[in-house]
Amino acid sequence: MGNQWNYQPLTRAEQLLSEEIARECGGMNEIAELLVRRGVKSPEEAKAFLEPSLDDLHDPFLMPDMDKAVNRLNKAMGAKERIMIYGDYDVDGTTAVALVYKYLQNYYSNIEYYIPTRYEDGYGISLKSIDYAVENDVKLIIVLDCGIKAVEEIKYANEKGIDFIICDHHVPDEELPPAVAILNPKMPGSPYPCTHLSGCGVGFKFMQGFALSNGLSNHNELNSLLDLVAVSIASDLVPIVGENRIMAYHGLRRLNSNPNLGLRSVIRLCKLTNKPISISDVIFKIGPRINASGRMQSGAEAVELLVSRDLHDAYEKGKAIDQYNNDRKELDKRITDEANELIEKNVSAVEDKRSIVIYNKHWHKGIIGIVASRLTELYYKPSVVLTYSNGFATGSSRSVQGFDIYSAINSTRDLLENFGGHTYAVGLTLKEENIPEFRRRFEEYVAEHIQPNQLEPQLDIDATIDFAAITPEFVAALRKFNPFGPGNQKPVFRTQAVFDFGTSRLVGKNMEHIKLELEDNSTSRVINAIAFNMAQYFEHIHAHKPIDICYTIEESSRQGKENTVQLLIRDIRPSRD
């Protein structure tokens, strides 16, 4: 499926702002244009964007209920109550639990953590976990990355004399759980400026509030845990803008310099030691390994790894989790193949439909979220993948760019036992007999609300430039746009009417990629590029016919050598005459 190229020239007002930023910040016009496209509205904001500072983190007490949460935690510690840190079994939940547990352990010892299992407890707060808390005389539970919909469970806990502080970032319902405090930037009417914190990010803000309330001035003690926040931000795909970008920036610096022992062992297993670690590395290498624990076995093992104080112990735990990830990959491939086969055998399930809903009661519960992502990427339609667990159909959904799948799932809530999630990813549970009606109504909602352009891949172009603009100074300035991710994607450039220098060739096992050497009329310099899975353009390029290209600018570093620049081609079109 081809990409739709989107390029919107700056308005006159945006152009004037871009010129002001370039003038005041001593930068290049192309860099200033990129800043404006990222929502920067003044030279001061431009400087803050290019040099993220921890001093610009928001006051945690802007979040509603922060004072209540801090006061209840202080009371529990003063009364020496048993405290449980409870979190979801995914990367966001386990990093959040590790962060809060590690930080509070500096000041308090009567504390433990609990990670529910995907297969026995299920998602969120379980009655089993509350019974465990009662048996162990727990009086306060701090729940992270879940809990916002656990109305009945928290009522049950209250009856048993247990208080809850909820730190969540999922969309709340109208009825809220009877917790002592709910920290959630998505609460209706919340004045908190960063609405898209990760669950671990909310935990970090809670600890920040706790530190401020107790006059704890050693900020490095808390900031040293930002590597965990960066992993959660990348893995949970929350927008890397505003406060998230500051935490991701400084967390990545920590990952690259002095990560915690658990993360250090994962970095070693990923073969990233002494290599620059990016958000992309977290998404595709580090995050999946931590996540594999909760998918295949128990998320508690991931927390054990992340709170480890011994490097050898951390490495041994890391090796076990690495094996879970290998097992996960095998299952992922098999179930994805089965899902595609199921769709191909039932073409009517996809053809002329705007969505995909498939069900196989034998699929592994821990993998179906990944499979939903694969189907969304392949067919470019909102996708729901369901399996059978504990007497119900349970599943995960993923969406395409710009379409709110949470609202789509919410429109069928009368058919569901429970659901929860974000704009682009939702988990759900329903009775098996409700699947056909769910499929019909979900498709009806999607067909009515999705826009035609949301059903095809979009390629947003940041700027049209000539090769002459790609100077060492320009590439150095681009580095300051890191870290890249949702909301701050790596800039995509377009260059028109470029030619093969005469040395481009097909590469790859099946000669499916093109290794390019390109030139344009703006400079005599030849630019290296790689175009994956675009062999269909080779004959046109090799015939020295002009092409338009969209690309990102990549750098590779080798020890003792200068960084080399290569264009990663995102799409190719023959130039118009």
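**View 1. Strand 8, tucked into the predicted model.** Strand 8 covers residues 383–389, and six of its seven residues are buried, so the rest of the structure largely encloses it. Keep in mind that what you see here is a predicted model.

**View 2. Strand 8 beside strand 7.** Here strand 7, residues 356–359, pairs with strand 8 in the parallel sense, with four bridges between them. To get your bearings, look for tyrosine 359, which sits opposite leucine 386 of strand 8. How does the chain cross from strand 7 to strand 8? It passes through helix 16 (residues 368–379), making a β-α-β crossover that is right-handed.

**View 3. Strand 8 beside strand 9.** Strand 9 takes in residues 392–398 and runs antiparallel to strand 8, joined to it by seven bridges. One spot to check is valine 384, which faces serine 397 in strand 9. The two strands make a hairpin with two residues between them. In that turn, asparagine 390 has a positive phi of about 50°.

**View 4. The largest nonpolar core.** This core has 75 residues, and Leu73, Ile83, Ile142, Phe206 and Ile286 have the most contacts inside it. Which helix gives the most to it? That's helix 5 (residues 91–105), with nine residues. Now zoom in on isoleucine 286: setting aside neighbours within four places in sequence, it is in contact with Leu263, Val266, Ile267, Cys270, Leu272, Ile277 and Asp281.

**View 5. A second, separate core.** This one has 42 residues, and Ala46, Phe474, Ala531 and Ile553 are among them.

Methods: Residues numbered from 1 in each chain as written. Predicted model: local features only at pLDDT ≥ 70, side-chain atom pairs only at ≥ 80, totals over all residues. Heavy atoms only, no water. Buried < 20%, exposed > 50% of the residue type's maximum accessible area, 1.4 Å probe, protein only. Pairing = 2+ DSSP bridges. Right-handed = clockwise from strand over helix to strand, strands pointing away. Core = buried A, V, L, I, M, F, W, Y, C linked by side-chain atoms within 4.5 Å. Contact = heavy atoms within 4.5 Å.
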